Amino acid sequence: MRAILIKPDNTTISLDFKAGQALDILQASVGGYIELIRSSNQFDIYANEEGKLRNLPFNPIASALAGQPVVGSVVVTGLNCRSLPQKQSDNILKNYAKTS
């Protein structure tokens with residue numbers, strides 16, 4: 001499964017994992033329980049459910065993608081937590097951040 005981790009410092013990291021590992025990878029990547037932010041008909045964004053309560057730092061890239069303020073590290077997947085299509089992944093990486 002292909003996804004992108006986006007950190008508040010604008011660092012992006014490509015993730016590749018098996019679908020059965022999704023929950024563990026998502027929770028580890030955002031630092032806690034996950035919350036789905038349905039941003040569009042193109043992809044899903046998973047953030048830390050308690051990010052605002054924990055005063056996690058503002059994430060400018062995730063906020064731009066979601067069309068609303070988002071904090072902390074997030075993982076962008078395809079719709080319904082499916083693999084992010086290569087074209088979408090490439091567009092996000094190209095148009096947004098420094099990669100790691």
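Which residues of the largest nonpolar core touch the most other members? In this predicted model, the largest nonpolar core comprises 15 residues, of which I6, I45, L65, V70, V74, V76 and I92 touch the most other members. The elements that contribute two or more residues to this core are β1, β4, α2 (60-66) and β5, and the greatest contribution comes from α2, with four residues. When residues up to four places away in sequence are not counted, L65 touches I6, S39, F43, I45, V76, I92 and Y96. A second, separate core is made up of ten residues, including M1, A3, A22 and Y46. In soluble globular proteins, nonpolar side chains tend to be buried together.

Helix α1, which spans residues 22-30, has A22, L26, S29 and V30 as buried residues. Seen down the axis of α1, these buried residues fall within an arc of 85°, and they therefore line one face of the helix. The exposed residues D24 and A28 are carried on the face of α1 that is turned away from its buried side. The buried residues of α1 pack against β1 (2-6), β2 (11-16), β3, β4 and β5 (74-77). Just after α1, G31 adopts a positive phi of about 80°.

Of the strands against which α1 packs, β3 and β4 form a hairpin with five residues between them. Strand β3 (residues 34-38) runs antiparallel to strand β4 (residues 44-48), and the two are joined by five bridges, with I34 standing opposite N48 in β4.

Conventions. Residues are numbered from 1 along each chain as its sequence is written. This is a predicted model: local features need pLDDT of at least 70, side-chain atom pairs count only at pLDDT 80 or more; totals for chains, interfaces and linings use all residues. Side-chain values use heavy atoms; hydrogens and water are left out. Two strands pair if DSSP finds at least two bridges between them. Buried means under 20% relative accessible area, exposed over 50%, partly exposed in between (1.4 Å probe, protein chains only). The arc is that of the directions from the helix axis to the C-beta atoms. Contact means heavy atoms within 4.5 Å. A nonpolar core is a set of buried Ala, Val, Leu, Ile, Met, Phe, Trp, Tyr and Cys residues joined through side-chain atoms within 4.5 Å.
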